[in-house]
Amino acid sequence: MIKYIIKRLLIIIPVMLAVSFIVFTMLRLGPVDPAQAYLLNSRIPPTEEALSVTRAELGLDKPFFTQYALWLKGAVQLDFGLSYMTKRDAFGDLMYYFPVTLKVTFLAMIVVIIVSIPLGILGAVKKGSLADKLIKFFSFIGVSTPSFWFGFLLIYVFSLKLNILPPFGLDSFSSWIMPILTLGLMSSAINTRITRTSFLEHINNRSVWYLKVNGVQKKTIIGKYVLKNSMLPVITSLGMHFGELIGGAVVVEVLFALPGVGRYVVSSITNHDYPVIQCFMILMTGIFIIVNLIIDVIYVYLNPKIKYGV
């Protein structure tokens with residue numbers, strides 16, 4: 001296991017290098033000159049003289065690969081340059097906003113887990129019953145409902161009509177309830193379907209029928225054999241949902257006026273704030289790689305037959 005983890009950690013290096021080069025190249029090939037974007041964000045007229053001076057200050061007058069090497073040297077030290085908008089360290093700005101995004105994402109993930117897994121198992125065990133039909137109906141509604149519309153619905157009901165939850169801001173724990181529910185609805189519905197399907201596949205396995213014939217109790221079969229094996233695709237799904245939740249947090253942060261990284265990055269994209277965009281892309285790539293590593297380690301733990309080179 002330790003060798004596998006070390007091997008995966010070493011793979012992160014070339015992956016991060018490739019992503020950094022692609023991101024750096026795509027932004028440099030964009031329609032807006034970084035020097036012009038810097039001047040516009042500084043409210044300075046982009047004259048030829050100002051552009052020439054700015055390119056020299058930002059190192060944009062150097063050859064492309066020299067620019068990338070200098071940027072990479074700083075990025076390794078978590079120095080992604082100064083934000084064109086705030087004139088502060090881009091990484092520091094993201095770290096200021098990031099805790100709110102991570103908190104709402106992790107809380108939404110907890111909701112997804114505690115809602116989808118029990119409902120999916122219940123639907124599989126009670127296949128064809130009223131409970132199963134209601135669970136499938138919930139999955140259908142959750143998958144079909146846009147997050148922003150569900151958020152507006154929650155605000156209308158619980159803030160405007162019942163006046164029991166604040167519509168926006170982060171004044172108390174109650175402020176987190178609607179953003180978390182809004183963010184976690186679709187992922188909960190999708191994961192409920194996946195859990196139910198996976199559980200049904202394993203509960204109807206020939207080995208399970210063999211255990212039943214030999215008198216093994218149903219609770220033991222479900223808890224010891226079916227549950228463990230059926231969790232593999234569910235864990236994969238949860239890893240994918242984590243990325244979706246971070247992306248969906250942008251909509252939730254705008255809808256509920258949360259001071260998260262999503263709103264900040266959207267503003268940075270609008271204003272062509274390249275240092276912030278580059279820092280954000282590298283940060284997201286690192287998070288997704290770590291999440292995938294955790295998922296693979298859990299895979300090996302749940303099913304030792306999956307070797308992955310261990």
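Let's start with charged side chains: the count of salt bridges in this structure comes to two. Keep in mind as you look around that this is a predicted model. The idea behind such bridges is simple: side chains of opposite charge can pair when their charged atoms come close.

Take the pair made by Arg196 and Asp132 to begin with. Their closest N and O atoms lie 2.8 Å apart.

Now turn to the pair of Asp93 and Arg88, whose side chains meet in a salt bridge at 3.0 Å, N to O. Here the two partners have their own stories. Asp93 has a relative accessible area of 4%, so it counts as buried, the limit being under 20%. Arg88, with a relative accessible area of 44%, is partly exposed.

Next, let's look for empty space. Rolling a probe the size of a water molecule over the atoms shows where empty space is left. The largest pocket has a volume of about 530 Å³. It is lined by 22 residues, and the closest to its centre are Arg28, Leu58, Trp71, Phe80 and Gly81. Which elements give two or more residues to this lining? They are α1, α2 (34-41), α3 (48-58), α4 (64-76) and α12 (274-302). Helix α4 gives the most, with four residues. Sorted by class, the lining of the largest pocket holds twelve nonpolar, five polar and five charged residues.

Ile2, Ile6, Leu10, Ile13 and Leu17 make a nonpolar surface patch of about 500 Å². Pick out Ile6, which sits in helix α1 (residues 2-28). Why does Ile6 count as partly exposed? The reason is its relative accessibility of 45%, because partly exposed covers the range between the buried limit of under 20% and the exposed limit of over 50%.

Finally, move along to Asn204, in the loop between α8 and α9 (206-213). Asn204 is partly exposed, with a relative accessible area of 45%.

Key. Residues are numbered from 1 along each chain as its sequence is written. This is a predicted model: local features need pLDDT of at least 70, side-chain atom pairs count only at pLDDT 80 or more; totals for chains, interfaces and linings use all residues. Side-chain values use heavy atoms; hydrogens and water are left out. Patches are made of residues with over 30% relative accessible area and no salt bridge: like charges are joined within 9 Å, nonpolar side chains (Val, Leu, Ile, Met, Phe, Trp, Tyr) within 5 Å. Accessible areas come from the Shrake-Rupley method with a 1.4 Å probe; for residues, only the protein chains shown count as cover. A salt bridge is a side-chain nitrogen of Lys or Arg within 4 Å of a carboxyl oxygen of Asp or Glu. Buried means under 20% relative accessible area, exposed over 50%, partly exposed in between (1.4 Å probe, protein chains only). On a 1 Å grid over the protein atoms alone, a cavity is a set of points where a 1.4 Å probe fits but cannot get out, and a pocket is an open set with protein on both sides within 12 Å along at least five of seven lines; lining residues have an atom within 4 Å of a point. Grid points are joined across faces, edges and corners, and a volume is the space filled by probe spheres set on the points. Ala, Val, Leu, Ile, Met, Phe, Trp, Tyr, Cys and Pro count as nonpolar, Asp, Glu, Lys and Arg as charged, and the others, Gly among them, as polar.
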